[in-house]
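Open the model in your viewer and keep a selection panel to hand. The stops below follow one another through the chain.

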Amino acid sequence: MTATQHVIFALVEDFTHVAFACAVDPLRIANLISGRPLYRWTYASLDGVTARSSDDTCVQVQHRFDSLPDCDRLFVLSGINMQTGDHPELLAALRRMDRFKETRIGALCSGSWILARGGFLNGREAAIHWEYHDGFIEEFPEVNLLRNVFVADARHPTASGGTATADLMLHLISEDHGHELSVAVADQMVYNAVREATAAQKVSLQSRNGMRNRHLSAAILRMKGSMDQPVSPTLIAKELGISARQLERLFGKYLNTSPKKYYMEMRLERARHLLVQTEMSIIDVAVACGFESPGHFSRVYRTAFGVTPMMQRHRLA
């Protein structure tokens, strides 16, 4: 891809500033490193004059929502309070753009809520900041919400916010201009732990909505403390004095997953961190994360992340 791509960021009032910076700066750095105008970006808001972030930063914009120009990509970026508005001007503009243009429309942070409200994500996988998971699942059952840091859907990519926005932008730069440029941009950002789409969002047990349930918290802490020697969810439930079925319901209600799947994701995430951040052998990583053999570890890892442990270490080392 050689032509300059035009990216518009549709900034909804109270948008999250950290996600904004993590979205724009990788594009700027890509231009700087390549020595070419690979990307240009402009901003849009409801009044076409300014947009204010939740930290009270005021950004000058070039476009109104109801008069968006042609572009290659558009990202809806919002933060707090986005549920309180119907966003008719923005959604009308996005529908026109989606119907008549080739623009790829995505969302950052809580922007996925707005896209879902407009029907763009029906039948698709999507990511959103963990704080909105419970409400999102109830409000938009037609969307397959994932706990991933981002979803690289070809038509409607979404990122969960914060530094996950940088992960998505680095992924798109890699798709557009190659893996080497993406790595060089990450290096300039001093961002060495770049995550792929399959990485799950990490949520504080005390911060997560609903995670004050003592049985669920205790179950997760039990899992975390025995990743090298996994115990069955049935045994965990017995230790907690509840039924295995009740434990299943708790994980389904609060985390939209099963105890077995959550436990496996936890072990695989630990394995990925050990592969990238330490010099441990793959055999030692497998043992430390409770896998019965290196072969079994490699098969499960590849199914989850699309690469073998050896390939992962080579790509992210």
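Begin with β1 and β6, which pair in the parallel sense over 5 bridges. This is a predicted model.

Now turn to β2, which runs parallel to β1 and is joined to it by 6 bridges. Here V7 has W41 of β2 as its bridge partner.

Colour β1 by burial: 7 of its 7 residues are buried. Q5, V7, F9 and L11 point one way from the strand, while H6, I8 and A10 point the other way.

Next, follow the chain from β1 over α1 to β2; the three make a right-handed β-α-β unit. Select α1, residues 17-34: at 1.5 Å a residue its 18 residues should span 26 Å, and the end C-alpha atoms are 26 Å apart, so the two agree. Buried residues of α1 include A19, F20, C22, A23 and V24. Just after the helix, G35 takes a positive phi of about 75 degrees.

Stay with F20 and show its contacts. Leaving aside neighbours within four places in sequence, F20 is in contact with L11, F15, Y43, V59 and L77.

Finally, show the largest nonpolar core, which has 36 residues. Among those with the most contacts inside this core are F9, F20 and F75. The elements that give two or more residues to it include β1, α1, β2 and β6, and the largest share, 8 residues, comes from α1. Apart from this core lies another, of 30 residues, among them F65, W113, F120 and V143.

Terms used: Residues numbered from 1 in each chain as written. Predicted model: local features only at pLDDT ≥ 70, side-chain atom pairs only at ≥ 80, totals over all residues. Heavy atoms only, no water. Helix = DSSP H or I, 4+ residues; strand = E, 2+ residues; numbered from the N terminus. Expected span 1.5 Å × (residues − 1). Buried < 20%, exposed > 50% of the residue type's maximum accessible area, 1.4 Å probe, protein only. Core = buried A, V, L, I, M, F, W, Y, C linked by side-chain atoms within 4.5 Å. Contact = heavy atoms within 4.5 Å. Pairing = 2+ DSSP bridges. Right-handed = clockwise from strand over helix to strand, strands pointing away.
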